[in-house]
Amino acid sequence: MSMGASKRLSNIYLHIPFCNLKCNYCDFPVHALGLQTPKDQKNTMIDTYLDYLEKEMDRTLEKIDTQRISEQLDTVYFGGGTPSLMSTQQLERVLNKIRKISNINQNTEVTVEMDPGTFDRVKLREYRDLGVNRVSMGVQTFNKGEFKKLGRGHDYKQIMIALDEIVASGFDLNQVSIDLMMGIPYQTLVTYRSNLEKALQMGFGHLSFYILTLEQGTPFHKLYNYDFSPLPHQDLVADMYQLTHDLLTASSFDHYEISNYGKPNSHSRHNSMYWLGDREYLSFGCGAANFLDGVRFARPKTLKGYYRYVDEIGLLDKVIKIQKGILRDQKNLSRSLMQNLIRSVLGRSTLVDLIMKSQLQVKERVFLLAITQSAILWVL
Ligand SMILES: C[S@@+](CC[C@H](N)C(=O)[O-])C[C@H]1O[C@@H](n2cnc3c(N)ncnc32)[C@H](O)[C@@H]1O
Ligand code: SF4
């Protein structure tokens, strides 16, 4: 019997969790390498990470039904962090590994997220020669005053340099995307409009817009409050959102996903896949979220936690057993393995929530709770 299209796995996400610095607003799974760290030291750290990434890929493939993987990948997405910190050789290494799983050809959308200051036209051409056909760069703002507050790992001038390098590299501009943020400190409708106009002038096929979220634990969370200046009032942010929609749709962009606008042939197939909601995909790497076998789970967000997760041989095997509700050997699991397992599969807050609600409606994916409630309390 042939596999239904939606059950096929044809999309891969890879998380590259390194940035030069951690921005003041960001709580993504990111490890800051440090601006002053020598390049070879950075490369060694990335190499070590790629060792683990490959190991995780091997282990996953041992456990899943590889028949589900399409012969031809539809999308490969390197997200971050700052994947463009990878050297060409490092990117090639990962792509070669993926090619052992499935084919990448010119129809595969291969995206790399980039930050100013981490690439030039030569690197971009080399990336393109390896099969990368879409790049997405974080600009956030073209306004110098706004930029200074963000704590980015590059200086203001590097934004325009990076954009010029993209153009000079000969990349198809329809396959270039930039990220902008709205609602950042000191932003006004006037400065925001000029950001938008500047982005439109660049002639790229795709633009992403994110409304600032004050994430717990970030410097912005300590410094700012949604209700007070210098953050623009929420009504003003709503006006920015509307202005974005009006200007972009008037410039032939489709608002095809909540944060994403693209010209008709420039929608990101990878973003659209997430938006469909029910499409299962493969993902790998520190903090990466998965949707596989009907279950969503995320890897540990720190490098240390992720390395331990990958090292714990057979962890995925246990995860799959749990998901299928056939875990019988929980007594043989070490406490740390159990902790890691439960947190990575369900997340502590979900567990607490389920336990508080007590009767733990037994869904397939939380079957474990039904049989080992005491074990869960033990590891919390
Ligand atoms: C995870 S980053 C990866 C791209 C790249 N590292 C960069 O920053 O340019 C993707 C985008 O998420 C957005 N983002 C990160 N933290 C955010 C926050 N707290 N609120 C809103 N948008 C955020 C930024 O616009 C960023 O470009
Ligand atoms: S560069 Fe991107 S991923 Fe890295 S800390 Fe800043 S916003 Fe987050």
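Student: What kind of model is it, and how are things numbered?
Tutor: This is a predicted model, where local features need pLDDT of at least 70, side-chain atom pairs count only at pLDDT 80 or more, and totals for chains, interfaces and linings use all residues. Residues are numbered from 1 along each chain as its sequence is written, while chains are lettered from A and ligands numbered from 1 in the order in which they are written.

Student: How many helices and strands does the protein chain have?
Tutor: The protein chain has 15 helices and 13 strands. Those are DSSP runs numbered from the N terminus: H or I with at least four residues for helices, E with at least two for strands.

Student: And how much of the chain is buried?
Tutor: Of its 380 residues, 38% count as buried. Buried means 20 or more other C-beta atoms within 10 Å of the residue's own, exposed means 12 or fewer, and partly exposed is in between, with C-beta atoms placed from the backbone.

Student: Ligands next. Which residues come nearest to ligand 1?
Tutor: Cys-26, Gly-138, Asp-179, Tyr-210 and Thr-213, out of 15 residues around ligand 1. A residue is near if its C-beta atom, placed from the backbone, lies within 6 Å of the molecule or strand. Strand 6 (134-140) and strand 7 (176-182) each supply at least two residues of that shell.

Student: How does the ligand 1 shell split by class?
Tutor: Six nonpolar, five polar and four charged. Ala, Val, Leu, Ile, Met, Phe, Trp, Tyr, Cys and Pro count as nonpolar, Asp, Glu, Lys and Arg as charged, and the others, Gly among them, as polar.

Student: Which residues are around ligand 2?
Tutor: Among them are Cys-19, Cys-23, Cys-26, Gly-80, Gly-81, Asp-115 and Gly-138. That shell divides into five nonpolar, four polar and two charged residues.

Student: What's the peptide bond between Gly-80 and Gly-81 like, cis or trans?
Tutor: It's cis, with omega about 15°. Gly-81 sits in the loop between strand 4 and helix 2.

Student: Let's do helix 2, then. Which of its residues are buried?
Tutor: Leu-91, Val-94 and Ile-98 are buried in helix 2. They cover an arc of only 65° around the axis, so they're on the same side of helix 2; the arc is taken over directions from the helix axis to the C-beta atoms. The face turned away from that buried side carries exposed Gln-89, Asn-96, Arg-99 and Lys-100.

Student: What covers the buried residues of helix 2?
Tutor: The cover includes strand 1 (11-16), helix 1 (39-63), strand 4 (75-80) and helix 3 (121-130).

Student: What does strand 4 pair with?
Tutor: Strand 4 runs parallel to strand 5, with four bridges joining them; pairing takes at least two DSSP bridges between two strands. One bridge links Phe-78 to Val-112 in strand 5.

Student: How many of strand 5's residues are buried?
Tutor: Six of its six. Glu-109, Thr-111 and Glu-113 are buried on one side, and Val-110, Val-112 and Met-114 on the other. In a regular strand the side chains alternate between the two faces of the sheet.

Student: Over to helix 8. Which residues are buried there?
Tutor: In helix 8, Val-237, Met-240, Thr-244 and Leu-248 are buried. They fall within an arc of 50° seen down the axis, so they line one face of helix 8. On the other side, Asp-235, Gln-242, Asp-246, Thr-249 and Ala-250 are exposed.

Student: What's phi doing at Ser-252?
Tutor: Phi is positive there, about 70°, although Ser-252 is not a glycine. Ser-252 lies in the loop between helix 8 and strand 9, and counts as exposed because it has 10 C-beta neighbours inside 10 Å.

Student: And Gln-140, buried or exposed?
Tutor: Gln-140 is buried, with 23 other C-beta atoms within 10 Å. Phi of Gln-140 is positive too, near 75°, and its place is in strand 6.

Note on methods. Contact = placed C-beta atoms within 7 Å.
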